[in-house]
Amino acid sequence: MEEKIPYKIYLEESEMPKQWYNVRADMKVKPAPLLNPGTGQPLKAEEMCGIFCEELVKQELDNDTKFFDIPEEVRNFYKMYRPSPLVHATFLEKALGTPAKIYYKFEGNNTSGSHKLNSAIAQVYYAKKQGLKGVTTETGAGQWGTALSMACQYFGLDCKVYMVKCSYEQKPFRREVIRTFGADIVPSPSDTTEVGRKILAEHPGTTGSLGCAISEAVEVAVTNEGYRYELGSVLNQVLLHQSIIGLETQAALKKYGIKPDILIGCTGGGSNLGGFAAPFLGEMLRGEANYKIIGAEPASCPSFTRGVYAYDFCDTGMICPLAKMYTIGSQFIPSANHAGGLRFHGMSPILSELYHQGLFEARAYEQTAVFDAAVTFAHAEGILPAPESSHAIRAAIDEALKCKETGEEKTIVFNLSGTGNFDLYAYKQFNEGTMTDSIPTDEEIQEALSKLPKVE
Ligand SMILES: *Cc1c(COP(=O)(O)O)cnc(C)c1O
């Protein structure tokens with residue numbers, strides 16, 4: 001007997017994943033290793049341990065272990081906001097008049113407002129276990145800083161957050177949430193670090209970028225005893241932790257015998273798509289299934305669709321390790337009128353390698369089209385989506401509208417990575433009609449790419 005599919009599919013506590021899945025174990029060609037920018041050689045565990053906690057370094061370098069146990073302390077924290085629901089978007093289907101079936105995994109149901117808490121709590125747990133005093137980080141739109149401040153408060157660690165200046169100014173409420181959870185918060189670039197002072201001297205009046213903020217946070221971590229740096233995306237360890245999204249999605253779909261055709265996530269540094277799609281990419285890598293997987297990125301910062309697959313710095317200050325990834329250049333700073341998030345110049349090395357192998361496709365969207373989709377979704381499903389997540393919504397709606405033309409009943413599952421409750425400045429621009437699209441010219445991208453480091 002076929003069970004009726006509920007509007008919201010929740011897993012029972014007993015059905016919750018107890019391990020994270022490491023997609024690298026199923027990749028024949030592994031993602032390229034991080035390189036030491038000084039020597040050009042692969043980063044060794046010892047070198048990484050000055051920046052990251054030991055257990056996270058192990059996870060970062062492990063290309064072979066398929067499953068990692070989720071520590072009980074982390075699973076206990078997950079219980080506060082997980083499982084996240086897989087929602088059958090019947091209202092959206094109706095609004096679009098599409099024969100497609102649309103589902104979304106909703107990761108915005110926690111105070112940080114996004115999936116980032118899934119990795120923050122894991123990273124802070126390992127820092128605590130190592131006996132560290134505190135951690136430093138950068139935050140762009142603010143979700144990662146909020147997530148890390150929540151995790152640090154929970155485990156009793158000190159937290160210092162460098163927040164990209166334009167977000168610091170545009171999102172005073174997000175800033176206040178971070179302070180409420182006890183973290184120190186500094187607008188970046190700042191004069192509190194050497195690299196910040198250098199960036200300020202070279203680019204006076206800059207509104208900052210994630211790359212600048214990363215440089216500052218790393219500098220503070222390596223120059224202060226008992227501190228390490230934590231990063232909310234891009235790294236292999238982060239994709240590992242975020243696999244909880246995909247594993248829950250897979251379990252929920254299986255529970256009701258739903259077979260997805262198309263899987264979609266937005267891509268900034270690649271962690272929500274990487275985590276959401278991981279088990280499905282695993283099935284593809286093992287030859288068990290085939291899916292159409294789409295990464296949705298902003299046209300103003302188009303790493304996959306207009307970047308190159310090359311070694312590049314992860315930060316603007318060029319002090320971080322080199323990663324082989326799809327990049328539009330670490331010196332690329334997206335236009336200041338870009339309000340739609342996903343401002344990072346590079347991409348997860350895992351996703352980059354999988355994209356290079358042709359396992360999924362990427363599309364770039366202009367922000368006004370993204371906000372159009374956001375409003376359609378908000379009206380239909382009653383959730384104000386994050387601008388970042390709305391790139392995935394745009395892609396899902398476009399796919400559903402294609403089905404409307406062809407009459408195909410495809411099953412589309414997308415990851416709704418977060419809510420837009422703190423993104424009201426961007427919504428204000430959209431509602432007032434002052435939001436514009438800023439697409440970099442080929443010359444601008446070439447200019448940034450001409451500064452890629454030379455790696456043999
Ligand atoms: C940070 C963030 C993203 C982008 O980061 P990824 O690492 O690519 O997932 C997407 N959506 C939301 C809501 C975010 O907070």
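Which residue in β7 does Val-135 stand opposite? Val-135 stands opposite Cys-159. The views below come from a predicted model.

**View 1. Strand β6 pairs with strand β7.** β6 covers residues 134-139, and β7 covers residues 158-164. The two strands run in the parallel sense, joined by 6 bridges. Val-135 and Cys-159 face each other across this pairing. Between the strands, the chain passes through helix α6, residues 143-155.

View 2. Thr-136 is one of the residues involved; its bridge partner in β9 is Tyr-229.

**View 3. Both faces of β6 are covered.** In a regular strand, side chains alternate between the two faces of the sheet. One side of β6 carries Gly-134, Thr-136 and Glu-138. The other carries Val-135, Thr-137 and Thr-139. Every one of these residues is buried.

**View 4. Thr-411 sits in strand β15.** The strand comprises residues 411-416. Thr-411 has a relative accessible area of 10%. The cut-off for buried is under 20%, so Thr-411 counts as buried. Its contacts, leaving aside neighbours within four places in sequence, include Lys-101 and Tyr-103. Thr-411 also touches the run Ile-258, Lys-259, Pro-260, Asp-261 and Ile-262.

How values were computed:
Residues are numbered from 1 along each chain as its sequence is written. This is a predicted model: local features need pLDDT of at least 70, side-chain atom pairs count only at pLDDT 80 or more; totals for chains, interfaces and linings use all residues. Side-chain values use heavy atoms; hydrogens and water are left out. Helices (H or I, at least four residues) and strands (E, at least two) are DSSP runs, numbered from the N terminus. Buried means under 20% relative accessible area, exposed over 50%, partly exposed in between (1.4 Å probe, protein chains only). Contact means heavy atoms within 4.5 Å. Two strands pair if DSSP finds at least two bridges between them. A crossover is right-handed if, with the strands pointing away from the viewer, the path from the first strand over the helix to the second runs clockwise.
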